[in-house]
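Before reading the answers below, please have the sequence and the coordinates open side by side. The questions ask on what grounds each label is given.

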Amino acid sequence: MRKQLAVSIAAATLGLTLAAPARADITGSIDATITLEAGCIINGQTLSDGAGGADFGTIDFGTQNTLFSEADGELLSGGGALRIQCSPGIVPTLSFEAGENDGSGAGPGAHAMAHASSPGHYVTYNLYSDVGRSTVIPVGGSVTLAATGAEQQIDIYARAFGEPGLVTGAYSDTVTVVLEL
């Protein structure tokens with residue numbers, strides 16, 4: 001009887017190990033989301049709506065003597081002209097706000113560059129939207145860009161004006177520029 005019970009237990013154990021285990025697939029999902037906001041690329045620098053610290057470029061009037069009457073410059077970025085690309089459907093407006101020294105100096109320019117180390121000395125200048133420098137961009141003035149989403153080149157020109165009594169040295173100014181989306 002003992003032998004029969006051992007064979008029965010062995011057979012039952014063998015049957016359990018040979019039986020296919022019950023199996024079921026488990027399915028589910030992964031959610032993926034993204035929220036996009038308007039943004040622009042300014043001279044190769046990607047910026048989101050509301051960002052600060054954009055580098056719109058530099059106007060360099062070169063080296064002149066203290067007796068110059070006019071000197072022309074152009075807004076340039078690291079690779080040439082100012083280049084802006086904004087999200088499609090956005091109508092961006094580039095506004096040129098006040099400089100650090102507006103209203104200073106005796107020249108006809110709306111903006112003024114201050115002497116680096118001799119207070120009270122200024123060289124005035126204007127910004128223009130055309131190469132002939134006939135259309136002044138006033139303080140607070142703007143240039144509207146296309147809403148295509150393509151990169152655009154914006155040419156901004158400038159003219160500095162000499163005046164009596166200028167002293168030698170470096171002059172500079174910083175104009176606030178706002179890209180409104």
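**Core, strands and the disulfide**

In this predicted model, the largest nonpolar core has 28 residues, and those that touch the most other members are Ile42, Leu82, Ile84, Leu94, Ile156, Ala160 and Leu179. Two or more residues each come from strands S1 (39-42), S4 (70-76), S5 (82-86), S6 (93-99), S8 (122-128), S12 (157-161) and S14 (175-180).

Q: Why is cysteine 40 with cysteine 86 called a disulfide?
A: The label requires two cysteine sulfur atoms within 2.5 Å, and the sulfur atoms of cysteine 40 and cysteine 86 are 2.0 Å apart, so the pair meets the rule. By this rule the count comes to 1 disulfide, and its link is right-handed, with 105° about the S-S bond.

Q: Are cysteine 40 and cysteine 86 buried or exposed?
A: Buried means under 20% relative accessible area; cysteine 40 has 5% relative accessibility and therefore counts as buried, and cysteine 86, at 6%, counts as buried too.

Q: What makes S8 a mostly covered strand?
A: In S8, 6 of its 7 residues are buried, that is, they fall under the 20% cut-off.

Q: How do you know that S8 pairs with S7, with S12 and with S9?
A: Pairing requires at least two bridges between two strands. Strand S7 (residues 111-115) is joined to S8 by 4 bridges, S12 is joined to S8 by 5 bridges, and strand S9 (residues 136-137) pairs with S8 over 2 bridges, so each meets the requirement. S8 runs antiparallel to S7 and to S12, and its pairing with S9 is also in the antiparallel sense.

Q: Which residues stand opposite each other in these pairings?
A: Methionine 113 is opposite valine 123 of S8, tyrosine 125 has alanine 160 in S12 as its bridge partner, and tyrosine 128 has valine 136 in S9.

Q: What lies between S7 and S8 in their hairpin?
A: There are 6 residues between the two strands, and glycine 120 in the turn has a positive phi of about 90°.

Conventions. Residues numbered from 1 in each chain as written. Predicted model: local features only at pLDDT ≥ 70, side-chain atom pairs only at ≥ 80, totals over all residues. Heavy atoms only, no water. Core = buried A, V, L, I, M, F, W, Y, C linked by side-chain atoms within 4.5 Å. Buried < 20%, exposed > 50% of the residue type's maximum accessible area, 1.4 Å probe, protein only.
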